[in-house]
Amino acid sequence: MLSSEPVIVNAPILSFEIANVGGKRKLQIIGARSEDLSDFNGEVNATGSEYLLVGELNTKNASAVRKHLPWLNPKPLGLKLSAGVGDRLGMATFGQARAFVNFGQGVLPIFAQQSAREMHRMGRTPQDVMDDATFGLVESSWRGLIGSDADHLKNIEDINSCIAAGFTMFTLDPGDSVALVPIDFDGNLDHLPWGELEDTEVSMIGRYKEKEFLLDHASLFLTDAEIRRAVFKYGAAVASVVCLYRHLIKNAKHEVEVEVAIDETHEVTTLGEHIFIATELKRLGVKWVSFAPRYIDGFEKGTEFKGNIDDLAVNLKGHFAIAQSLGPYKLSIHTGSDKFGIYSLANQLCNGVFHLKTSGTSYLEALSICAQFAPEIFRDIYQISHHSYAQSRSSYQVSANINDAPLAKNLGNSDLKELLFIEDSRQILHVGYGDVLTLRDESGNYALRNALQLCLIEHKEDYDKALELHIGRHLSLLSKSA
Ligand SMILES: [Zn+2]
């Protein structure tokens, strides 16, 4: 008999499991009659009085699973406290789901979440991301509400493929249209897309000039120079969000929600700039549930928050007051993993109206399993990450110094895991994923990705446990203060 609980959806009663069949993960379903299994693709055999289907983890089966277990279709989460956990290898959902069940009471989960950049780089489609999460949730007998996040979308093609895959939250990223203000900026705004902004310079400036913006117990005035800089910097970005948003709303046939994210831009988003962006998006009819500004410095990949915690409190308080007064919408914190010192604070300051986004940290947990059980593969992974760091660091906030990171050749197998606890090597491994997971052998196969996945299948229980505890450590801090 299969171990997962049988679930009743109208009839037929089917029982689902993800099983390891000869080293490969497969979908197994038991039903009373063979015709009950007709929505699924696979081999059906009689086992006593029942029928057992063994099928591949493919899109047809994922879609049939979501039809029979409708709660596995993601939904918009609105303003509720939520956390997103990415899964680059498509094998983390089970352990992550355990973390939500055991440590994340009151925190709504987003399992299917990957940025368009990462998907393209890894050769993964939005449908792959969605389906891998579905199968992981089947495996964990998941029963609650879930969201999904098509992260950092910058163009209409990516929006289309994420709509088709059934994503429900669309994180729109106009970062490429954010302008750097030149040192000798003369205030000229002629080049902005005034047609798309459906406005004139005079009328836009007038909305902010000599106006008092009330924020909680404080108020904010923008100087003329600050207003012009905000318009220069974010005018085209506002137009870009409006264009992406209108396309999304026109084309999505299911219920969707939007996050606006400018966390990957070069300069910190000032409170005045946040007011400008939100005011203009509202004027142009955009509705969004969360906003990720670029907060003060200190959000680096895979480490504790490295900035000043008092400054962060002031920063979050200001942004949250704006989000309340111009929304309400949630504040979203990206690059959110491993910052155990800030979760309670952020959650308290935002009164639970808050979204935490993590992704790479689940990959690092996979590497810790690899270091333990397949040290030679881990050595290759580290070497490639180390070698590519000068290049790979350019798209991320990291401060690891390649010269301070230990060399794997100086470490015995039993010490390799230490590389995940030393900040320099941890960040090098964190941002090295792209080169590691896309490395091909002579036959064109993903050599290290496959080896790593095989190691995780062989040591599944250890990987699941590690994820449950690590993601759980994040969630318990959010949950306690919820
Ligand atoms: Zn981000």
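Is H152 buried or exposed? In the predicted model described here, H152 has a relative accessibility of 6% and therefore counts as buried, the limit for that class being under 20% relative accessible area. This residue is one of the protein donors of the zinc ion, which are H152 through NE2, D263 through OD and H334 through ND1, at 2.1 to 2.3 Å from the metal. Along the chain, the donors are arranged with the spacing H-x110-D-x70-H. H152 belongs to strand β8 (residues 147-153), whereas D263 is placed in the loop between β12 (257-261) and α9 (271-283), so that the pair ties together parts lying 111 residues apart in sequence. D263 is likewise assigned to the buried class, because its relative accessible area is 11%.

With a relative accessibility of 0%, T171 counts as buried. When residues up to four places away in sequence are set aside, T171 is in contact with D149, A150, D151, H152 and L153, with E259 and A261, and with H334 and K357.

The peptide bond leading from G327 to P328 is cis, its omega being near 10°, and P328 itself is located in the loop between α10 (309-326) and β14 (330-333). In the loop between β14 and α11 (343-349), T335 is found, and this residue adopts a positive phi of about 45° although it is not a glycine. D338, which has its place in the loop between β14 and α11, also shows a positive phi, of about 65°, again without being a glycine. The relative accessibility of D338 is 6%, and the residue therefore counts as buried.

Helix packing was examined next. Two packed helices are described by the angle between their axes and by the distance between those axes. For helix α2 (residues 93-103) and helix α4 (residues 126-139), the axes come within 8 Å and cross at roughly 55°, which means that α2 is oblique to α4. The contact involves T93, F94 and A97 on the side of α2, and D132, A133, G136, L137 and E139 on the side of α4. By class, the residues of this contact divide into four nonpolar, two polar and two charged. The crossing in which α2 passes α4 is right-handed.

Helix α4 is also approached by helix α1 (residues 59-68), the axes of the two coming within 9 Å and crossing at roughly 55°, so that α1 is oblique to α4. In this case the crossing of α1 past α4 is left-handed. The residues that meet are T59, N61, A62, V65 and R66 in α1, and Q127, M130, D131, T134, F135 and V138 in α4. The contact of α1 with α4 comprises five nonpolar, four polar and two charged residues.

A further helix pair is formed by helix α12 (residues 360-373) and helix α16 (residues 447-458), whose axes come within 10 Å and cross at roughly 80°. This angle falls in the range of 65 to 115 degrees, and α12 is therefore roughly perpendicular to α16. The residues in contact are Y363, A366, L367, I369, C370 and F373 of α12, together with L452, C455 and L456 of α16. The contact of α12 with α16 is made up of nine nonpolar residues, with no polar and no charged residues.

Finally, S388 is situated in helix α13 (residues 375-392). Its relative accessible area of 9% means that S388 is buried. Apart from residues up to four places away in sequence, S388 touches G432 and D435. By C-alpha atoms, a separation of 54 Å lies between S388 and A32, residues that are 356 positions apart along the chain.

How values were computed: Residues numbered from 1 in each chain as written. Predicted model: local features only at pLDDT ≥ 70, side-chain atom pairs only at ≥ 80, totals over all residues. Heavy atoms only, no water. Axes fitted to C-alpha atoms, helices over the stretch in contact; angles between N-to-C directions. Helix = DSSP H or I, 4+ residues; strand = E, 2+ residues; numbered from the N terminus. Parallel < 35°, antiparallel > 145°, perpendicular 65-115°, else oblique. Left-handed = near helix turned anticlockwise from the far one by under 90°. Contact = heavy atoms within 4.5 Å. Nonpolar A, V, L, I, M, F, W, Y, C, P; charged D, E, K, R; others polar. Donors = N, O, S within 2.8 Å, 3.2 Å for Na, K, Ca; no water. Buried < 20%, exposed > 50% of the residue type's maximum accessible area, 1.4 Å probe, protein only.
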